[in-house]
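Hi,

Here is the structure we talked about, with the sequence alongside. Have a look at it first, then read on for what turned up.

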Amino acid sequence: MEITLNRKITKLLKIHVNFRTGLSHVNSGDIISICGIKNSITGDTLCDTTSPISLVAIKFPTPVICVALEPDIEHVYK
């Protein structure tokens, strides 16, 4: 599915733990946060409108098992 939307990116941020650093440019492979784009999800391809590209979406298999881990806090209440 190809959808072309023109959106303005308001900020590029590098986030590490609780620290945010504003960026003026990024390189391929950088993991960043983009502010100003609505309705975008993980896996969307973002590119320049003058040289559009379309990447195949990644399909993740359904998990075979699902487990919730909870701490044993019974000893805290004794």
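Cysteines to start with: counting a disulfide as a pair of cysteine sulfur atoms within 2.5 Å, the total comes to 0 disulfides. Cysteine 35 counts as partly exposed because its relative accessibility is 24%, and cysteine 47 falls in that class at 38%. (Buried is under 20% relative accessible area, exposed is over 50%, and partly exposed is in between, with a 1.4 Å probe and protein chains only.)

Some ground rules before you zoom in. This is a predicted model, in which local features need pLDDT of at least 70 and side-chain atom pairs count only at pLDDT 80 or more, while totals for chains, interfaces and linings use all residues. Residues are numbered from 1 along each chain as its sequence is written, and side-chain values use heavy atoms, leaving out hydrogens and water.

On confidence, pLDDT is the predictor's own score for each residue, from 0 to 100. The protein has a mean of 80, with 88% of its residues at 70 or more. Strand β2 has the highest confidence, with a mean of 90, and strand β3 (residues 33-35) the lowest, with a mean of 86. Where pLDDT is low, the predicted coordinates should not be read in detail.

As for the fold, the protein has 0 helices and 3 strands, running β-β-β from the N terminus. Those are DSSP runs numbered from the N terminus: H or I of at least four residues for helices, E of at least two for strands. Of the 78 residues, 3% are buried.

- Valine 17 sits in the loop between β1 (11-16) and β2 (19-23). Its phi is positive, about 55°, although it is not a glycine. Most residues other than glycine have a negative phi. Valine 17 counts as exposed because its relative accessibility is 63%.
- Histidine 16 is in strand β1 and is exposed, at 56% relative accessible area. Its C-alpha is 9.6 Å from that of isoleucine 32, 16 residues apart along the chain.
- Leucine 69 lies in the segment after β3 and counts as exposed at 78% relative accessibility.

What accessible surface does the protein have in total? About 8,300 Å², with 57% of that belonging to carbon and sulfur atoms; the areas come from the Shrake-Rupley method with a 1.4 Å probe, and for residues only the protein chains shown count as cover.

Cheers
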